[in-house]
Amino acid sequence: MEEEMPPHALKDDEKPKTKKCPSCTTEAPLGAKFCDVCGFEFPKAPPKFKPCPSCSGLNQLSATACQHCGTVFGSDFSLSLDEALRTGAIVRGMDIEEEDVQAGEAMAESVRKVVMASGDQKLINVISQLPEESWARLRKYLSESE
Ligand SMILES: [Zn+2]
Ligand SMILES: [Zn+2]
């Protein structure tokens with residue numbers, strides 16, 4: 001076959017037009033749902049859109065509100081980490097209540113002042129790395145371990 005080219009001949013910026021069947025290594029068209037040779041079912045590409053729960057309109061995965069009806073999307077939607085950090089719903093992989101976020105922000109400032117004034121380098125390192133959202137939790141854990 002003259003048309004066949006080894007995969008490494010493709011330029012970096014050129015997207016491959018075929019995918020390899022993980023079961024029998026046959027090259028299949030990118031859009032194929034099944035391998036023609038062995039019948040392997042290719043995993044579906046991740047969805048680029050999410051349906052609105054109230055109007056079923058499709059929205060970008062990153063949308064925080066429906067562009068059709070304005071419904072604000074709740075935590076039922078899988079949030080990207082960036083969005084989660086912005087909304088305070090999930091911080092660094094943990095579920096954090098909005099209350100905790102606010103309580104943490106409120107106490108972080110005063111704790112920082114006290115710790116900075118203490119000059120304790122290790123504590124200063126800790127508080128400079130601890131996100132404000134975690135402060136309320138830390139306080140809770142500390143009080144529980146007393
Ligand atoms: Zn196959
Ligand atoms: Zn909607």
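Colleague: Among the elements of the chain, which has the lowest mean pLDDT?
Modeller: Keep in mind that this is a predicted model, so pLDDT, the predictor's confidence in each residue, is worth a look. At the top end sits strand 2 (residues 27–29), with the highest mean, 91. The lowest mean is 47, and that belongs to strand 5 (residues 90–91).

Colleague: Are helix 2 and helix 4 roughly parallel or roughly perpendicular to each other?
Modeller: Helix 2 (residues 98–118) packs with helix 4 (residues 135–144), their axes 6 Å apart. The angle is about 85°, and 65 to 115 degrees is the range that counts here. Helix 2 and helix 4 are therefore roughly perpendicular.

Colleague: How many nonpolar residues does the contact of helix 2 with helix 4 have?
Modeller: Helix 2 brings Asp100, Ala103, Gly104, Met107, Ala108 and Val111, while helix 4 brings Trp135, Ala136, Arg137 and Arg139. By class, three are charged and one is polar, and the nonpolar ones number six.

Colleague: What percentage of the residues in the chain is buried?
Modeller: To count as buried, a residue needs 20 or more other C-beta atoms within 10 Å of its own. Of the 146 residues, the buried ones make up 8%.

Note on methods:
Residues are numbered from 1 along each chain as its sequence is written. Chains are lettered from A and ligands numbered from 1 in the order in which they are written. This is a predicted model: local features need pLDDT of at least 70, side-chain atom pairs count only at pLDDT 80 or more; totals for chains, interfaces and linings use all residues. Axes are lines fitted to C-alpha atoms, for helices over the stretch in contact, and angles run from 0 to 180 degrees between N-to-C directions. Helices (H or I, at least four residues) and strands (E, at least two) are DSSP runs, numbered from the N terminus. Angles under 35 degrees count as roughly parallel, over 145 as roughly antiparallel, 65 to 115 as roughly perpendicular and the rest as oblique. Two residues are in contact if their C-beta atoms, placed from the backbone, lie within 7 Å. Ala, Val, Leu, Ile, Met, Phe, Trp, Tyr, Cys and Pro count as nonpolar, Asp, Glu, Lys and Arg as charged, and the others, Gly among them, as polar. A residue is buried if 20 or more other C-beta atoms lie within 10 Å of its own, exposed if 12 or fewer, and partly exposed in between; C-beta atoms are placed from the backbone. pLDDT is the predictor's confidence in each residue, from 0 to 100.
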